[in-house]
Amino acid sequence: FAGLPTTMDVPKAPNLTASNVLTLEPDLSSLQILPYAPKTAMVLCTAHDQLTQDLSPLCTRGLLERVLQAASEEIGIEFCVGAEIEFMLYRLSKDGLMKPVDASTFANSTTLNDQEDFISSVYDQLRQQDISVELIHAESAPGQLEVVPSYSDNVLQIADNVLFAQETIRNVATHHGMKAVFLPKTSMLSAGNGLHLHFSFKDIGSPQNAFSDSSRTTGISRKGESFIEGLLDHLPSLLSFSLPTVNSYRRVGAGCWTGSSVDWSTEDKEVPVRVCVDLNTRKATNVEYKLADATANIYLELAMILSAGMEGLKSGKELRPMASPDAVAAPLPQSLQESLECLKLDNFLLSVLGPELSTAYIAVRENEATNEISLEKEVAAALGNA
């Protein structure tokens with residue numbers, strides 16, 4: 001849903017009340033028996049009006065389904081999506097505090113070797129839930145790993161799998177005497193945790209990647225370029241969904257491999273929207289959206305990112321020039337409140353949300369921005385050191 005603030009049940013906002021109750025309708029195709037709790041199953045649901053049984057406008061899983069249906073019926077495409085789930089492992093130290101399990105740096109073998117049993121357990125338990133894994137590797141921060149579920153054209157299932165994977169990682173870590181932390185930033189002296197997203201698309205009925213076109217200068221199809229331009233046009237507003245917490249913006253900036261301005265490039269880690277190239281064929285394969293982390297509602301952010309790209313496709317937008325040292329691009333919002341102010345002026349994204357969801361979402365996020373806590377307190381609370 002739109003979410004609940006941490007300080008109260010209902011934030012103060014015009015036309016926002018606690019009246020009416022939503023009922024949950026299980027999607028039995030998502031039912032999973034949990035390997036880490038084998039007497040328990042989890043199922044994902046959509047929210048419905050208790051009287052009419054209509055899909056609630058506050059249901060973000062339902063919103064993503066509607067966006068995917070519109071892509072098929074109105075544009076004739078189906079999306080392919082990938083996700084990269086980053087997290088850090090902590091363990092109780094001799095001084096009684098939770099600390100990273102090691103002091104490793106980028107791509108170091110330390111975490112991979114020391115946590116071999118944990119990594120194997122995560123992989124095995126994800127496979128038991130029919131979640132295929134493309135890669136598990138060490139990342140930049142101490143005790144940091146990344147789990148990459150396989151790229152898929154079943155977008156709703158990818159979103160579901162991200163949730164199942166996060167729950168699995170948390171519980172397997174607990175079983176191994178550790179705590180998995182997905183916070184965007186845990187220390188200003190080390191890299192943070194992102195949840196980067198990858199996008200491409202196919203024309204309905206075709207197995208070919210419609211994002212790629214090797215005959216064009218960029219290696220990207222005309223449709224692919226329009227999709228990227230749609231993202232860039234709405235990027236400042238999109239951050240309110242993909243970087244939805246105060247802590248999210250502590251991970252973003254120049255030198256952080258996230259980008260700090262509204263631009264794109266090919267295989268450049270320092271832009272927010274990066275076109276990825278196949279190492280063998282040298283063809284553009286997909287576009288990576290780097291300004292995302294695990295504090296986001298995966299259904300809502302995917303719905304909004306895809307909608308922005310679709311708006312570019314429908315309008316046939318022309319892609320702006322690639323980022324270069326000589327070009328000056330608009331800066332990205334540097335705080336949650338800044339991104340929310342951009343959203344308030346973005347009539348297209350507000351129309352995708354609808355009045356009920358936009359009112360609730362903005363109210364919740366503004367409450368979070370107003371009640372900011374320090375990084376130290378947030379990390380302590382997450383680790384149980386508070």
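Let's start at phenylalanine 211, which is buried in this predicted model. Its relative accessible area is 0%, and under 20% is what it takes to be called buried. Phenylalanine 201 is buried as well, again with a relative accessible area of 0%.

These two rings belong together. Phenylalanine 201 and phenylalanine 211 make an edge-to-face aromatic pair, with 6.3 Å from centre to centre and 90° between the planes. If you follow the chain, you will find phenylalanine 201 in strand E9 and phenylalanine 211 in the loop between E9 and H5, so the pair links distant parts of the chain, 10 residues apart.

Now look for another pair of rings, phenylalanine 199 and phenylalanine 227. The model has eight aromatic pairs by the ring-centre rule. In the one formed by phenylalanine 199 and phenylalanine 227, the planes stand at 50° and the centres are 6.3 Å apart, so this pair is tilted. Phenylalanine 199 sits in strand E9 (residues 197-203) and phenylalanine 227 in helix H5 (residues 222-242), so their pairing ties together parts 28 residues apart in sequence. Phenylalanine 199 is buried at a relative accessible area of 1%, and phenylalanine 227 is buried with a value of 1%.

Beyond its neighbours within four places in sequence, phenylalanine 79 contacts residues including Phe201, Phe227, Val155, Leu306 and Met310.

Helix H6 has a packing partner worth a look. Two packed helices are described by the angle between their axes and the distance between those axes. Helix H4 (residues 155-175) packs with H6 at an angle of about 145°, their axes lying 9 Å apart, and H4 passes H6 in a right-handed crossing. On the H4 side, Val155, Leu156, Ala159, Asp160, Val162 and Leu163 meet Ile298, Tyr299, Leu302 and Leu306 of H6. Sorted by class, this contact has nine nonpolar residues, one charged residue and no polar ones.

Key. Residues are numbered from 1 along each chain as its sequence is written. This is a predicted model: local features need pLDDT of at least 70, side-chain atom pairs count only at pLDDT 80 or more; totals for chains, interfaces and linings use all residues. Side-chain values use heavy atoms; hydrogens and water are left out. Contact means heavy atoms within 4.5 Å. Axes are lines fitted to C-alpha atoms, for helices over the stretch in contact, and angles run from 0 to 180 degrees between N-to-C directions. Helices (H or I, at least four residues) and strands (E, at least two) are DSSP runs, numbered from the N terminus. A crossing is left-handed if the near helix is turned anticlockwise from the far one by less than a right angle, and right-handed if clockwise. Ala, Val, Leu, Ile, Met, Phe, Trp, Tyr, Cys and Pro count as nonpolar, Asp, Glu, Lys and Arg as charged, and the others, Gly among them, as polar. Rings of Phe, Tyr and Trp (its six-membered ring) pair if their centres lie within 6.5 Å; planes under 30 degrees apart count as stacked, over 60 as edge-to-face and the rest as tilted. Buried means under 20% relative accessible area, exposed over 50%, partly exposed in between (1.4 Å probe, protein chains only).
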